Amino acid sequence: MDWTPVIEWFGYRSGFHDAEVVSIDLRRRPEPSRISLHAWHMTSEVDEKGYFRLERHALVTFTFTDIVEQLLEEWNHQNVLMGLVITEVPEGYRMELDSTFGAGGYFIARNISVSVEAWRNP
């Protein structure tokens with residue numbers, strides 16, 4: 001899997017801690033399926049309220065081709081991740097959505113690609 005778009009946007013390969021799953025679009029083959037996250041870079045600076053400053057907000061979209069297995073649990077109004085991990089497996093790639101609150105589970109697909117665009121708050 002090519003992480004270049006994520007690295008170009010954030011400057012590193014994000015683990016997506018605290019990112020929010022904003023949409024999941026599952027399609028039957030041969031159509032691709034997608035998961036989109038609102039993610040950002042947390043700085044070491046704090047604001048006047050004591051919160052870490054967030055910058056580089058982005059909509060990060062993972063596109064799957066040929067999902068061979070999936071498990072999705074607990075969809076709700078926020079869907080915050082503890083993290084996201086993608087590993088290579090015999091079938092292709094496995095994406096683990098480690099949930100803090102809301103959506104969690106995994107997807108195994110023949111291929112996963114990623115794109116990044118500036119976040120536009122809906």
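I take buried to mean under 20% relative accessible area, exposed over 50%, and partly exposed in between, with a 1.4 Å probe and protein chains only. By that scale Phe-62 is buried, with a relative accessible area of 0%.

**Ground rules**

I am working on a predicted model, in which local features need pLDDT of at least 70, side-chain atom pairs count only at pLDDT 80 or more, and totals for chains, interfaces and linings use all residues. Residues are numbered from 1 along each chain as its sequence is written, and side-chain values use heavy atoms, with hydrogens and water left out.

**Entry: overall layout**

I looked up the secondary structure, where helices (H or I, at least four residues) and strands (E, at least two) are DSSP runs numbered from the N terminus. The chain has one helix and six strands. In sequence order the pattern reads α-β-β-β-β-β-β. The radius of gyration is 15 Å, close to the 14 Å that the globule rule gives for 122 residues, so the chain is as compact as a globular protein of that length. That radius is taken over C-alpha atoms, and the rule is 2.2 Å times the number of residues to the power 0.38. I noted the span of the C-alpha trace along its principal axes as about 50 × 30 × 25 Å.

Of the 122 residues, 36% are buried. For contacts I used heavy atoms within 4.5 Å. Among contacts between residues at least 6 apart in sequence, 57% join residues at least 24 apart.

**Entry: surface and charge**

I put the accessible surface of the chain at about 7,300 Å², with 48% of it belonging to carbon and sulfur atoms. The areas come from the Shrake-Rupley method with a 1.4 Å probe, and for residues only the protein chains shown count as cover.

I then listed 11 positive and 19 negative side chains, and the centres of the two sets lie 5 Å apart. Lys and Arg count as positive and Asp and Glu as negative, while His and the chain ends are not counted. Each charge is placed at NZ of Lys, CZ of Arg, CG of Asp or CD of Glu.

Most residues other than glycine have a negative phi, and most peptide bonds are trans. I looked for exceptions.

The peptide bond from Arg-29 to Pro-30 is cis, with omega near 5°. Pro-30 sits in the loop between β1 (20-25) and β2 (33-46).

Arg-56 is not a glycine, yet its phi is positive, about 55°. I found Arg-56 in strand β3 (residues 52-73), and at 34% relative accessibility it counts as partly exposed.

Glu-74 is also not a glycine and has a positive phi of about 65°. Glu-74 belongs to the loop between β3 and β4 (80-89), where its 61% relative accessibility makes it exposed.

**Entry: aromatic rings**

A pair of aromatic rings is described by the distance of the centres and the angle of the planes. I counted rings of Phe, Tyr and Trp (its six-membered ring) as paired if their centres lie within 6.5 Å, with planes under 30 degrees apart stacked, over 60 edge-to-face and the rest tilted. My search of the whole structure gave five aromatic pairs. One of them joins Phe-16 and Phe-62 edge-to-face, at 5.8 Å centre to centre and 80° between the planes. Phe-16 lies in the loop between α1 (4-10) and β1 and Phe-62 in strand β3, so the pair ties together parts 46 residues apart in sequence. Phe-16 is buried, at 1% relative accessible area. Together with Trp-3, Phe-16 and Phe-62 form one aromatic cluster.

**Entry: three strand residues**

What does Ser-36 touch, not counting residues up to four places away in sequence? I listed Glu-20, Val-21, Val-22, Ser-23, Leu-59, Val-60 and Thr-61. Ser-36 lies in strand β2 and is buried, with a relative accessible area of 9%.

Val-46 is also placed in strand β2, but at 44% relative accessibility Val-46 is partly exposed. With residues up to four places away set aside, Val-46 touches Tyr-51, Phe-52 and Arg-53.

Gly-92 is in strand β5 (residues 92-101) and is buried at 12% relative accessibility. Leaving aside neighbours within four places in sequence, I found Gly-92 in contact with Thr-87, Ala-109 and Arg-110. Gly-92 and Met-1 are 91 residues apart in sequence, and 9.5 Å apart in space from C-alpha to C-alpha.
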